[in-house]
Amino acid sequence: ATCTGLVRTSGVGALYRGLGVSLIGAVPAMSAYFAVYQATKTALLSMAVSVPPMLLVAFSAAFSNCIATGLRVPCELVKQQIQAGMYPTVAAAVRGIGAGGLRAFMPTDALLAQLARDIPFGVVMLLAYELLNRRRRADAARGAEWPPWASAVCGAAAGGLATLATNPMDVVKTRMMTRADPAAADGVIRLARNMY
């Protein structure tokens, strides 16, 4: 009903509000995320440490998300506020948020909320993906080759599991970023408690 009403009143374009700024933020953030993840995982796995490899994958995913989130938050803040109807355009959102100075694009609570969503998301997704791929490689070594599309299914399953696990924090993040004052002193934990 919400989707149909939105399309009826504002047209199909309303479903793509904030897409441009989302892409501007997603491309460097995802590039940094996978580059840091791969480099960290490779470096850690090459060390002679007696730690389970999946723990190193989890650490690499968490660390890479810490880096990528710094690139993601300003664009996510603009996108969320456009989608919530707080600003009509990217330019208006940038002007409105920017009125609080550069620091307004990285409010502490919005950053913490994004990290609280992104770190578990990355850890769950990459652990699930690596475990599924490990199974695929083991099957291939025994002669039971998986079909070419199986990697896509592994990725979809991993992404779906991570989304399911972190959706509550995504809701908290959205509420945090669409408040009238994202830098207000409510805090992530208090906001989550009030929502609960």
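Arg17 counts as partly exposed, at 29% relative accessibility; on this scale buried means under 20% relative accessible area, exposed over 50% and partly exposed in between (1.4 Å probe, protein chains only). The model is a predicted one, in which local features need pLDDT of at least 70 and side-chain atom pairs count only at pLDDT 80 or more, while totals for chains, interfaces and linings use all residues. Residues are numbered from 1 along each chain as its sequence is written, and side-chain values use heavy atoms, with hydrogens and water left out.

**The chain as a whole**

- Seven helices and zero strands make up the elements of the chain; helices (H or I, at least four residues) and strands (E, at least two) are DSSP runs, numbered from the N terminus.
- Read from the N terminus on, the order of elements is α-α-α-α-α-α-α.
- Taken along the principal axes, the box filled by the C-alpha atoms is roughly 60 × 40 × 35 Å.
- The chain has 196 residues, and 35% of them count as buried.
- The accessible surface comes to about 11,000 Å², with 68% of it belonging to carbon and sulfur atoms; such areas come from the Shrake-Rupley method with a 1.4 Å probe, and for residues only the protein chains shown count as cover.
- Among contacts (heavy atoms within 4.5 Å) with a separation of 6 or more, 69% are between residues 24 or more positions apart.

**Around Arg17**

- Look for Arg17 in the loop between helix 1 (2-10) and helix 2 (19-46).
- Not counting residues up to four places away in sequence, Arg17 touches Ile82, Gln83, Gly85, Tyr87 and Pro88.
- Ile82 is 65 residues from Arg17 in sequence, yet their C-alpha atoms are 6.6 Å apart in space.

**Helix 5**

- Helix 5 covers residues 108-141, which is 34 residues, and reaches 48 Å from its first C-alpha to its last.
- That reach is close to the 50 Å expected at 1.5 Å a residue, where the expected span is 1.5 Å times one less than the number of residues.
- After helix 5 comes Gly143, whose phi is positive, near 90°.

**Salt bridges**

- There are nine salt bridges in the structure, each a side-chain nitrogen of Lys or Arg within 4 Å of a carboxyl oxygen of Asp or Glu.
- One of them joins Arg72 to Asp118, with the closest N and O atoms 2.4 Å apart.
- Because Arg72 lies in helix 3 and Asp118 in helix 5, this pair ties together parts that are 46 residues apart in sequence.
- Both partners, Arg72 and Asp118, are buried, and Asp118 has a relative accessibility of 2%.
- Asp118 also forms a salt bridge with Arg117, where the closest N and O atoms are 2.6 Å apart.
- Arg117 is buried too, with a relative accessible area of 17%.
- A further partner of Arg117 is Asp170, with the closest N and O atoms 3.2 Å apart.
- Arg117 in helix 5 and Asp170 in helix 6 (residues 150-177) are 53 residues apart, so this pair links distant parts of the chain.
- Asp170 is partly exposed, with a relative accessible area of 23%.
- A network of salt bridges links Arg72, Glu76, Lys79, Arg117, Asp118, Asp170 and Lys173.

**Aromatic rings**

- The structure holds two aromatic pairs: rings of Phe, Tyr and Trp (its six-membered ring) pair if their centres lie within 6.5 Å, and planes under 30 degrees apart count as stacked, over 60 as edge-to-face and the rest as tilted.
- Tyr33 and Phe34 make an edge-to-face pair, 4.9 Å centre to centre with 75° between the planes.
- Tyr33 is buried at a relative accessible area of 2%, whereas Phe34 is partly exposed at 38%.
- Phe59 and Phe63 are stacked because their ring centres are 6.2 Å apart and their planes are at 5°.
- Phe59 and Phe63 are four residues apart in helix 3 (residues 53-83), so about one helical turn separates them.
- Phe59 is partly exposed at 48% relative accessibility, and Phe63 is partly exposed with a relative accessible area of 36%.
- The charged end of Arg117 sits over the ring of Phe121, 5.7 Å from its centre; this requires NZ of Lys or CZ of Arg within 6 Å of the ring centre and within 35 degrees of the ring normal.
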